[in-house]
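Please read it beside the sequence and the structure shown here.

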Amino acid sequence: MSESIVLCITGASGAIYGYRLLEVLDRLGFHMDLIVSSSGWLVLREELGKTKEDIKRDFPSANLLNEKDLLSPVASGSRLVKYRGVLVAPCSMSTLACVAHGINQNLIHRVCEVALKERVPLVLLIREAPYSSVHLKNMLEVAQAGGIILPASPGFYHKPQSLQELVDFVVGKVLDALRIEHNLYRRWRD
Ligand SMILES: Cc1cc2nc3c(=O)[nH]c(=O)nc-3n(C[C@H](O)[C@H](O)[C@H](O)COP(=O)(O)O)c2cc1C
């Protein structure tokens with residue numbers, strides 16, 4: 001049976017990271033529960049020209065959940081403990097704040113809260129620049145609770161030649177955080 005992952009896309013810039021994760025995890029055979037916040041849909045359209053219909057067509061096997069559906073199975077720890085992890089990519093400062101303070105305004109916040117309490121690996125691919133002290137304190141809260149704060153900041157030691165290689169470096173780091181095998185970027189001294 002294939003392993004499951006929850007992938008959440010929020011309204012931070014960098015919708016391309018979420019889209020690329022969909023491509024890669026789909027290709028790797030993961031079952032994906034996908035939750036996109038209303039701002040996430042806005043940014044997907046703004047940055048990639050992608051609508052909900054495009055995502056459904058491009059990834060027919062992804063299980064698209066409604067951000068308002070707090071009755072979804074993944075809102076429960078008994079279900080989420082079976083998952084390999086929860087990814088929020090990209091993660092806005094607003095979602096980060098809700099996760100840091102245990103505020104559940106949508107299913108994404110709830111799934112993150114459950115991941116933290118059940119010790120299911122949680123990765124927040126955050127994007128903002130610059131950071132205020134509020135953002136930094138929220139990151140510390142989540143990191144101390146066991147979440148992985150992963151900044152959407154690519155390295156350059158693999159000598160990227162294209163935007164795709166920069167994106168794949170960051171997406172590769174997200175997969176590394178869940179110990180998922182990939183060859184999206186060349187490792188140091190490889
Ligand atoms: C085009 C666009 C780009 C944005 N980029 C960011 C960003 O990089 N980081 C961030 O924290 N918020 C960003 N925002 C603002 C968030 O979308 C906004 O705070 C929203 O309420 C987040 O809600 P969500 O976390 O439920 O998706 C952006 C908004 C738009 C329209």
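**Overall build and packing**

The protein chain holds 8 helices and 6 strands, and the model described here is a predicted one. Read from the N terminus, its elements follow the order β-α-β-α-α-β-α-β-α-α-β-α-β-α.

*Dimensions and burial*

- A compact globule of 190 residues would have a radius of gyration near 16 Å, and because the protein chain has 16 Å, the value agrees with that expectation.
- Taken along the principal axes, the box filled by the C-alpha atoms of the protein chain is roughly 45 × 40 × 35 Å.
- Buried residues make up 41% of the 190 residues in the protein chain.

*Helices H1 and H2*

- Helix H1, which spans residues 15–27, contains Leu25, and the axes of H1 and helix H2 (residues 38–48) come within 9 Å while crossing at roughly 95°.
- Since angles of 65 to 115 degrees count as roughly perpendicular, H1 and H2 are therefore roughly perpendicular to each other.
- On the H1 side the contact is made by Ala15, Ile16 and Tyr19, and on the H2 side by Val43, Leu44, Glu47 and Leu48.
- Sorted by class, the contact of H1 with H2 comprises 6 nonpolar residues, no polar residues and 1 charged residue.

- Apart from neighbours within four places in sequence, Leu25 is in contact with Ile5, Leu7, Phe30 and Met32.
- Between the C-alpha atoms of Leu25 and Arg57, which are 32 residues apart along the chain, the separation is 16 Å.

*Helices H5 and H6*

- Helix H5 (residues 93–101) packs with helix H6 (residues 107–118) at an angle of about 45°, and their axes are 9 Å apart.
- H5 and H6 are therefore oblique to each other, and their crossing is right-handed.
- From H5, the residues Thr95, Cys98 and Val99 meet Ile108, His109, Cys112 and Glu113 from H6.
- The residues of this contact of H5 with H6 divide into 4 nonpolar, 2 polar and 1 charged.

Note on methods: Residues are numbered from 1 along each chain as its sequence is written. This is a predicted model: local features need pLDDT of at least 70, side-chain atom pairs count only at pLDDT 80 or more; totals for chains, interfaces and linings use all residues. Axes are lines fitted to C-alpha atoms, for helices over the stretch in contact, and angles run from 0 to 180 degrees between N-to-C directions. Helices (H or I, at least four residues) and strands (E, at least two) are DSSP runs, numbered from the N terminus. Angles under 35 degrees count as roughly parallel, over 145 as roughly antiparallel, 65 to 115 as roughly perpendicular and the rest as oblique. A crossing is left-handed if the near helix is turned anticlockwise from the far one by less than a right angle, and right-handed if clockwise. Two residues are in contact if their C-beta atoms, placed from the backbone, lie within 7 Å. Ala, Val, Leu, Ile, Met, Phe, Trp, Tyr, Cys and Pro count as nonpolar, Asp, Glu, Lys and Arg as charged, and the others, Gly among them, as polar. The radius of gyration is taken over C-alpha atoms; the globule rule is 2.2 Å times the number of residues to the power 0.38. A residue is buried if 20 or more other C-beta atoms lie within 10 Å of its own, exposed if 12 or fewer, and partly exposed in between; C-beta atoms are placed from the backbone.
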